[in-house]
There are 2 protein chains.
Amino acid sequence: MSNMKNILIYGARGALGSACVSHFKKQNWWVLAVDLAENPEANANVLIKSQTLIDQENEVLSGIESSLGSKKLHALVCVAGGWAGGNASSKDFIKNTDLMLKQSLWTSCLAARVASKYLNDGGILVLTGAQPALDATPGMIGYGLAKSAVHHLTKSLAAPKSGLPESSTVLTILPVTLDTPMNRKFMPNADHSTWTPLDFVATTLHSWSEQSSDQRPKSGSLVSLFTKGGETKLETNQ
Amino acid sequence: MSNMKNILIYGARGALGSACVSHFKKQNWWVLAVDLAENPEANANVLIKSQTLIDQENEVLSGIESSLGSKKLHALVCVAGGWAGGNASSKDFIKNTDLMLKQSLWTSCLAARVASKYLNDGGILVLTGAQPALDATPGMIGYGLAKSAVHHLTKSLAAPKSGLPESSTVLTILPVTLDTPMNRKFMPNADHSTWTPLDFVATTLHSWSEQSSDQRPKSGSLVSLFTKGGETKLETNQ
């Protein structure tokens, strides 16, 4: 690990997380994986077993300390998340809202907490929001509000005195639909040429991680991923 | 209760909740209180004892069913909430974020769930956001993201097919600082003439509740409460 750049990938066992682990490994980065289950490709793993946010903080911080010691991180990306729909009259509305808060918002807050302790000066923290959550999401209320809270977290973390290290960058990617096996399974007849390939996301995250703060999009940016005909463009929201 | 208008007040034991219970009682409304502890002035109480969001849903829905039976509500206001600060490097960041999510976001989501089942056509649901959460809140990250999620919930609930009854209104008030005993205790030297009196809020909520949908601010509005020299003005955000 001594001469390698290192990254923590939160949600490293999911489809996007696994793609990120593989990509950073290929680029010769040292990868610390955090998730509910181990990612065997990573250099080290921290497993989350607790059920409450406060217990997860203890678990994550002590696991990372065991792994990193006094070393710092060049990059931290949180690609944990999931999707569940439902409006307020759905019998699953509260259950799904609970799940979305845990999968998207708890993980993002814990990633921010870890970043405040372990991110290098000039390092980068990337979170995962959602393009649809920039507007109202009446058919998937819990999903939208959890992602919207991640967007707000991004803005707070990029502001002065947020607790992140000096000259670090925080960015949040806003996918529309990612081209994952689960999405292919549940939406077999959708136009897959408008879905964003996981490799594109992993490559983008690696580029940002290699860049210095002044080369990256401005800290606090919400960066939309628009894919058309298999081509993806980044668009930074103001 | 038969000839009286009725309101459910979520967070009825807090400072603002208690002021609302008193005001609506004076106006001859029938008041159902929901909170962790009983409000003896209310006509009926539902107590929350569970620790998880999903268990709280069961508790609230069954308690309300016992109290209302097949009756509907003219109004539902959620004034539950609290305040805790901290940036990402604060040792209390995660603990306080957890608390803010429970106090402000869980209650708002549960109020929305109840509204989808019990609110009258043409009824009103009012939630409580926060003016500072319209921007980044680096010194109180958990508070800001929880309130921001309430703002997003408001937009989703006001959109078509949100699950709320037809022609109902959803509004969210955005206080800056409320003139509560707790705020007086912790900020004794602040300029109290810029704090919003609880009576003003209770009176506003009652006026909206008596109005028809077309007299109220447009559904989905975030309504800021700006107080200066003891005078409060409402300002609707676009």
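Me: What conventions apply to the model itself?

Reply: The model is predicted, and local features need pLDDT of at least 70, side-chain atom pairs count only at pLDDT 80 or more, and totals for chains, interfaces and linings use all residues. Residues are numbered from 1 along each chain as its sequence is written, while chains are lettered from A and ligands numbered from 1 in the order in which they are written.

Me: How many helices and strands does chain A have, and what pattern do they follow?

Reply: Helices (H or I, at least four residues) and strands (E, at least two) are DSSP runs, numbered from the N terminus. Chain A has six helices and eight strands, in the sequence pattern β-α-β-β-α-β-α-β-α-β-α-α-β-β. Its radius of gyration is 17 Å, close to the 18 Å that the globule rule gives for 238 residues, so chain A is as compact as a globular protein of that length. That radius is taken over C-alpha atoms, and the rule is 2.2 Å times the number of residues to the power 0.38. The C-alpha trace of chain A spans about 50 × 40 × 40 Å along its principal axes. Of the 238 residues in chain A, 53% are buried.

Me: In what order do the strands of the chain A sheet lie?

Reply: Strands of a sheet pair through backbone hydrogen bonds, either parallel or antiparallel. Here two strands pair if DSSP finds at least two bridges between them. Chain A has an open sheet of eight strands with mixed pairing, in the order β3-β2-β1-β4-β5-β6-β7-β8. Its edge strands, each pairing on one side only, are β3 (44-47) and β8 (231-237) of chain A. Neighbouring strands of this sheet are turned by 20 degrees against each other on average, direction ignored. Strand β2 (residues 30-35) of chain A pairs with β3(A) in the parallel sense over four bridges, and Ala33(A) stands opposite Asn45(A) in β3(A).

Me: Which strands does helix α1 of chain A lie across?

Reply: Axes are lines fitted to C-alpha atoms, for helices over the stretch in contact, and angles run from 0 to 180 degrees between N-to-C directions. Two residues are in contact if their C-beta atoms, placed from the backbone, lie within 7 Å. Helix α1 (residues 15-26) of chain A lies across β1 (6-10), β2 and β4 (73-78) of chain A, at about 165 degrees to β2(A). Helix α6 (residues 198-210) of chain A runs at about 160 degrees to β5(A), and the strands it lies across include β5 (119-128), β6 (169-175) and β7 (222-228) of chain A.

Me: What joins β9(B) to strand β10 of chain B?

Reply: Seven bridges join β9(B) to strand β10 (residues 231-237) of chain B, and the two run antiparallel. One of the bridges pairs Leu225(B) with Leu234(B) in β10(B). β9(B) and β10(B) form a hairpin with two residues between them, and Gly229(B) in the turn has a positive phi of about 55 degrees.

Me: How are the two chains related?

Reply: Two copies of a chain are related by a rotation about an axis and a shift along it. Copies are superposed by least squares on the C-alpha atoms of residues with pLDDT of at least 70 in both. Chain A can be laid on chain B with an RMSD of 0.0 Å by a turn of 180 degrees and a shift of 0.0 Å along the axis. The two copies are thus related as by a two-fold rotation axis. Among the residues of chain A, Ala149(A) comes closest to the rotation axis, with its C-alpha at 2.6 Å.

Me: Which helix gives the most to the side of chain A that touches chain B?

Reply: In total, 39 residues of chain A are in contact with 39 residues of chain B. Helix α3(A) gives the most to the side of chain A that touches chain B, with twelve residues.

Conventions: Buried ≥ 20, exposed ≤ 12 C-beta atoms within 10 Å, placed from the backbone.
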